[in-house]
Amino acid sequence: MGILTGEQFIRRLDSLKNNIWYDGEQVTIPLSQHPAFQGILKTKAALYDLQHDEQLQQELTFHSPVINETVGTSFLQPRTKEELVQRRVMTRHWAKQTNGMVGRTPDYLNTVLMSLACSGELLERIDTSFPQHLQSLYQLAMKEDLSFTHTFITPQVNRSRFYVDHSDKPISAKITDITDEGLVIKGARLLATQGGLTDEVLVLSVPQLLLDPNEAFAFSIPSNTKGLTFICRDSYVGGDSFFNHPLSSRYEEMDAIVVFNDVTVPWQRVFYYHNTELAKTFLAQSSFSNFATHQALTRQIAKTEFLLGLAELLVKTINVHEYQHIHEKMADIITGLETMKALIEKSEHDATLDSFGYMRPHIIPLKVAMNLFPKIYPRFVEILQQIGASGMISLPSEQAFHSQIAPELEHYLQGAAVSADARVKIFRLAWDATMSAFGTRQTQYERFFYGDPVRLAGDLYQTYPKEDAVESVRKFLNLDE
């Protein structure tokens, strides 16, 4: 089959009839017709259609000799720096299509699965692990252009360092039985972005301190597997009006709790189980962080470019370009943008072949970006709020411009060089990006996209090569004499 069209994606997802609960009720209508999901699904369908655009197909797809099909470039396992750049070009097309606002475009999890398959040899000759299952899923995903969500996080019952769940009914998802058919899983996992809105759910254990082997596993199963339930949060879709809610009407990604009610995971879908040491080390030793961060940073660059353009539109709309504090604020965004662009190019320039023969982007520049972006994105949001000031608050709706008070709105809400209608559209976009429920979720999402900021800082400090710098100082002080 190879690459899907948007229509094929929607048709297949609707046919799965995943067990999704929203606002206390089970979703029984097709997902593509549900008000909470239809915007993001339409956006994702448009991404799949881009793969068939004759002008873009060469950059968005490649011919896989493994399955002898044309597949998405996000599945490409790079062996050269040129192929690494090819992957970034593909991700950038999709990121620009969504203005960087969709964190879980299909290429993200495609990249994750690709990276795990690149490192599958780490599972070889280890008891209770099945590297061949990982390779099989990778090939199946390419062949059918499968979409994935994933869940890493356990419920936040007790976040003390040494808490262990001893409840009779598991809270955190764990193995409760092992049968001829596979593993039986019971319990929950948190924060599956687009949970239930994909073909598959990838489940990995990545704890900092894992003590219970029943919580040490990795697998992927279809989203409509018996016993699997997705419990959605409230929707941040403000409405279907593009005028009123230009971002949330298109890009709102639902987040869900994933509940496993005695779910049987077939053996052919299990990558490993009952191995706490492997659960602690597999992702760290694999190329997961290299490739996943490379994809995410590409998206975040596109997002920053969008915010820069929006900020400049605000400046021009109310004619504040002459003020020096505006220059400083705009320079902050430009500095952040150019720094991230330099970091991703540095990661590609310093890329090296790993022991499995794949070209990994250099991790140190990517780790710097992982520490940087969660800090500067909230600042970008603040800058938009400060430029817009009170103008971000008094914003009439689309319907108001089609009522008898429209002439008054046109008179009192006009901008320096734009009509009132255009001014309100621009300011509503800034509001939706920074102050709506959708916008504030975006800020929180980017703060924690890469994980705990304190642990990220610790990891960068511990892994950054400091020896040459230390030796330089020692020589300057003649400490070795």
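**Reading helix α11**

Modeller: Happy to; keep in mind that this is a predicted model. Let us begin with helix length: at 1.5 Å a residue, the 26 residues of helix α11 (residues 363–388) should span 38 Å, and the end C-alpha atoms are 37 Å apart, which agrees.

Colleague: Where in α11 does the kink lie?

Modeller: Look at F373, shortly before the proline P374, where α11 has a kink of about 30 degrees.

Colleague: How many of the residues of α11 are buried?

Modeller: Buried means under 20% relative accessible area. In α11, 19 of the 26 residues are buried, so the helix is mostly covered. Just after α11, A389 takes a positive phi of about 50 degrees.

Colleague: Now the strands. Why is strand β9 described as largely enclosed?

Modeller: The same cut-off applies, under 20%. Strand β9 (residues 217–222) has five of its six residues buried, so the rest of the structure largely encloses it.

Colleague: Which strands pair with β9?

Modeller: Strand β8 (residues 200–204) pairs with β9 in the antiparallel sense over five bridges, and E200 has P222 in β9 as its bridge partner. Strand β12 (residues 270–273) also pairs with β9 in the antiparallel sense, over three bridges; there, A218 stands opposite Y272 of β12.

Terms used. Residues numbered from 1 in each chain as written. Predicted model: local features only at pLDDT ≥ 70, side-chain atom pairs only at ≥ 80, totals over all residues. Heavy atoms only, no water. Helix = DSSP H or I, 4+ residues; strand = E, 2+ residues; numbered from the N terminus. Expected span 1.5 Å × (residues − 1). Bend = angle between axes of the 7 residues up to and from the residue. Buried < 20%, exposed > 50% of the residue type's maximum accessible area, 1.4 Å probe, protein only. Pairing = 2+ DSSP bridges.
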